[in-house]
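Me: I would like to go through this model and check what each label rests on. Please set the values against the cut-offs.

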Amino acid sequence: MKYVAEKFLTLIITLFIVSLLAFLAFQVIPGDPTTKMLGTEATQEAVAALRAELGLDKPVPVRYWNWLTAFLTGDMGTSYSYHMPVGEMLSEKLTITAILTILSFAFTVILSIPLGILAGSVRSKSLDWLITAFDQVVMSIPSFFIGILACFLFGIVFRLFTPGNFVSYTQDWGACIAYLLFPALSIAIPRIAMTVKMLRGAILNELGQDYVRTAQSRGNSRRAILQRHVLQNALIPVITFLAVSAAEIMTGSIIIEQVFTIPGVGRLLLASISNRDFPVVQAIVVILAAWIVVVNFVADLLYQLVDPRIRLR
């Protein structure tokens, strides 16, 4: 219980620091959003009036406190560019990015675990060399380049989908999922290769431990040893890595959304940065950071359940 409490306290402190840094970062960036909204020829009176309306005339600590308390109650502010609530703008886009993240993570888990077990338990040197070489090649290719290849090969050549013709889940769930399959695979493929390499190494390391030789001397088959002992120990570091991958997948979707023209939070984030739409950018940054922190918190809890040594400490 103490372990969980410590991790939860760390989560709260981290989120507070992230929110503070996200807010302060946009206070020191050159450029005034009022100039972007009114134009360079606006009078000083008009600029002052708009700054007062937006609350930009108040001291930074007061602005941060007002923003934080409003954010915690669900009020993310109003967009400078679109003049509408940020929460309303993000609802559909966050859902699209969340679907893409879930699909990518599902592909990573479903494909990497069996392949990693196969790679770690295989006895053929040629097959082992082939898996290792393939892993190294795939890990070196960025997700966005895989996405570009997928658009060209499956979108233009084989015409399995039309690049840029995204259909929102609000119109057709099936069409939305179908379009997101290739972007999800583009994100997942490098992480699948990394997970396979890690799981393979963990299995080979466990197979060399004394308890495996003891189990073999008692007449246990290799398959039984793998299932009852080796896999449980080998999966401990992989769980943490998969959690980190889950956190990275959402941030990695920002680039993939550009490649596949997906109207998720990634495209909105880049557009809002260029427009100096600070309420939108701050909300997205905090949400992404919260996702990463919470996922790592869950990973720590799972790590504790899998590894009894942490419970003992």
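Me: What is the accessible surface of the protein, and which share of it belongs to carbon and sulfur atoms?

Reply: This is a predicted model. Its accessible surface is about 17100 Å², and carbon and sulfur atoms account for 66% of that area.

Me: Why is S143 called buried?

Reply: Its relative accessible area is 16%. Buried means under 20%, so S143 is buried. Across the protein, buried residues make up 39% of the 313 residues.

Me: What makes I255 partly exposed?

Reply: I255 has a relative accessibility of 47%. Partly exposed covers the range between buried, under 20%, and exposed, over 50%; I255 therefore counts as partly exposed. This residue belongs to helix α10, residues 222-259.

Me: How do you know that the side chain of S143 makes a polar contact with S186?

Reply: The S143 side chain reaches the backbone oxygen of S186 at 3.4 Å. A polar contact needs a pair of N or O atoms within 3.5 Å, one able to donate a hydrogen and the other to accept it. The distance of 3.4 Å is therefore within the cut-off.

Me: Which residues does S143 touch, leaving out those up to four places away in sequence?

Reply: They are S186, I187, P190, R191 and I256. Touching here rests on heavy atoms within 4.5 Å. S143 itself is placed in helix α7, which covers residues 143-157.

Me: What is the secondary structure of the protein?

Reply: The protein has 13 helices and zero strands. Its pattern along the sequence is α-α-α-α-α-α-α-α-α-α-α-α-α.

Me: Where does UniProt place the feature "transmembrane region"?

Reply: The unreviewed entry gives residues 7-29, 94-117, 137-161, 173-193, 230-247 and 280-303. In the model, residues 94-117 are 100% helix and 0% strand, with end C-alpha atoms 34 Å apart. Residues 280-303 are also 100% helix and 0% strand, and their end C-alpha atoms are 35 Å apart.

Me: What share of contacts between residues at least 6 apart in sequence joins residues at least 24 apart?

Reply: That share is 75%. The C-alpha trace spans about 85 × 55 × 35 Å along its principal axes.

Me: How many positive and negative side chains are there, and how far apart are the centres of the two sets?

Reply: There are 23 positive and 19 negative side chains. The centres of these sets lie 16 Å apart.

Terms used. Residues numbered from 1 in each chain as written. Predicted model: local features only at pLDDT ≥ 70, side-chain atom pairs only at ≥ 80, totals over all residues. Heavy atoms only, no water. UniProt positions renumbered as here; feature names shortened; annotations may be inferred. Helix = DSSP H or I, 4+ residues; strand = E, 2+ residues; numbered from the N terminus. Buried < 20%, exposed > 50% of the residue type's maximum accessible area, 1.4 Å probe, protein only. Areas by Shrake-Rupley, 256 points an atom, 1.4 Å probe, with all protein chains shown as cover. Lys, Arg positive; Asp, Glu negative; His and termini not counted. Charge placed at Lys NZ, Arg CZ, Asp CG, Glu CD.
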